[in-house]
Amino acid sequence: MITVDGSQMEGGGQLLRMATTYSCILQKPIHFINIRGKRRNPGLSPQHLATLKAAAKLCSADLRGAGLGSTEIELHPGALKGGIHTIDIGTAGSVSLMLQCLAPMLILNNEPSTLSIRGGTAVKWSPPIPFLQNVVYPALGEMGADINLHLERHGFYPKGGGDVTFDSRPVKALRPFQPDPPSVDKVKGVSICGNLPSHVAERQARAAKKILNGQDLSAEVAVETVQSSSPGSVIVLWAEGVFIGSDSHGDRGKPAEKVGSEAAKSLISQIRTGAHVDRNTGDHLILPCSLADGVSEFRVSELTLHTLSAIEMAKKFTGCNVVVDGKIGKPARVEITGIGHVA
């Protein structure tokens with residue numbers, strides 16, 4: 001059994017998600033202590049508990065000690081299984097972060113799988129669903145993942161109520177991530193508002209395009225006005241030719257122009273680093289690269305504590321060799337020699 005201390009490194013839910021994913025894929029029982037040990041309210045929140053229970057269901061695991069506020073659990077995994085599954089987070093908890101845990105389990109599976117998940121689709125401190133669709137999942141596609149993600153209904157804080165469908169077809173092993181040299185000349189994006197006047201999404205898009213065009217970047221930003229359980233807005237931008245994206249969320253008293261300009265400035269600053277992937281996509285790639293058959297090598301726009309935490313989890317569970325050339329808060333080169341896991 002592998003023991004993981006959830007108060008190390010970034011000390012949040014990412015450590016639990018990654019440990020759970022590795023446990024279910026590699027069939028290694030885990031004893032997880034000090035869950036979310038560095039958070040203001042440590043222990044399992046409703047979102048983390050829902051993710052843990054969903055993962056346990058997908059691999060017929062024996063899950064012990066899991067309840068709201070629990071700071072210690074054991075997970076004894078069984079065989080992964082595909083099929084059709086419905087999950088309701090029950091809050092505006094992030095569907096994206098749930099998928100960060102569950103998606104690799106279903107990608108490396110011998111059976112096709114469909115997940116229907118209800119929860120938050122655009123939640124602060126997590127990538128919105130369009131970010132996964134247009135940045136993270138295309139990167140995983142380069143590694144051989146055969147997945148589709150459909151956004152059926154948008155869900156904003158505080159009610160959530162968004163609906164997402166994730167489809168995956170069997171893949172025996174993943175290829176290493178070896179992207180082409182970065183080259184960007186075009187940006188795409190989507191500006192969305194739910195239960196708000198359409199001009200909110202339009203102003204977000206206009207502000208973003210103005211800044212991008214001022215940097216000689218051609219930009220196409222679609223505008224969507226949708227129905228949702230709670231009012232909210234978000235803009236997601238991504239650069240073609242690399243796997244770099246950015247996003248910004250609307251908030252009460254925050255001008256739509258600021259939402260659009262934040263996303264555009266973030267995207268520009270990350271493109272200028274000459275990286276292959278943005279700081280958030282880098283987090284998502286560590287686990288699949290550690291399991292891939294070969295050497296993955298890429299530049300990330302910013303080396304974050306989350307990325308370093310992901311690397312520590314990868315080493316702990318797989319023993320993979322990782323080389324990082326760069327300092328935290330700066331662009332960095334990451335090289336991972338995967339263990340060649342076969343489903």
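In this predicted model, strand β2 and strand β4 (residues 72-76) run antiparallel and are joined by 4 bridges. Within this pairing, histidine 31 stands opposite glutamate 74 in β4. Strand β2 also pairs with β1 (residues 2-5); these two strands run parallel and are joined by 4 bridges. Here histidine 31 of β2 is the bridge partner of threonine 3.

Most residues other than glycine have a negative phi. Glutamine 27 belongs to the loop that links α1 (13-26) with β2 (30-33), whereas serine 60 belongs to the loop that links α2 (46-58) with β3 (62-64).

**Helices α2 and α3**

Two packed helices are described by the angle between their axes and the distance between the axes. For α2 and α3, the packing angle is about 10° and the axes are 9 Å apart. An angle under 35 degrees counts as roughly parallel, and α2 and α3 are therefore roughly parallel to each other. On the α2 side, the contact is formed by Gln47, Ala50, Thr51, Ala54, Ala55 and Leu58. These residues meet Leu97, Met98, Cys101, Leu102, Met105 and Leu106 of α3. Classified by residue type, the contact of α2 with α3 comprises 10 nonpolar and 2 polar residues, with no charged residues.

Helix α3 (residues 95-107) also contains glutamine 100. Is glutamine 100 buried or exposed? Its relative accessibility is 15%, and because a residue under 20% is classed as buried, glutamine 100 counts as buried. Leaving aside residues up to four places away in sequence, glutamine 100 touches Arg17, Thr21, Asp283 and His284.

**The four-stranded sheet**

An open sheet with mixed pairing contains 4 strands in the order β10-β9-β11-β12. Strands β10 (218-226) and β12 (244-249) stand at its edges; each has a single partner strand, so one side of each lacks a neighbour in the sheet. On average, neighbouring strands of this sheet are turned by 15° against each other, direction ignored.

Strand β11 (residues 232-239) pairs with β12 in the antiparallel sense over 6 bridges. In this pairing, valine 236 stands opposite aspartate 247 of β12. Helix α4 (residues 129-142) packs on the sheet and touches β9 (186-194), β11 and β12. The direction of α4 makes about 170° with that of β12. Helix α6 (residues 256-271) likewise packs on the sheet, touching β9, β11 and β12. For α6, the direction makes about 160° with that of β12.

**A cis peptide bond**

Most peptide bonds are trans. Which residues does a cis peptide bond join in this model? The bond links tyrosine 157 and proline 158, and omega is about 10°. Proline 158 is placed in the loop between β7 (146-153) and β8 (162-169).

How values were computed. Residues numbered from 1 in each chain as written. Predicted model: local features only at pLDDT ≥ 70, side-chain atom pairs only at ≥ 80, totals over all residues. Heavy atoms only, no water. Buried < 20%, exposed > 50% of the residue type's maximum accessible area, 1.4 Å probe, protein only. Contact = heavy atoms within 4.5 Å. Pairing = 2+ DSSP bridges. Axes fitted to C-alpha atoms, helices over the stretch in contact; angles between N-to-C directions. Parallel < 35°, antiparallel > 145°, perpendicular 65-115°, else oblique. Nonpolar A, V, L, I, M, F, W, Y, C, P; charged D, E, K, R; others polar.
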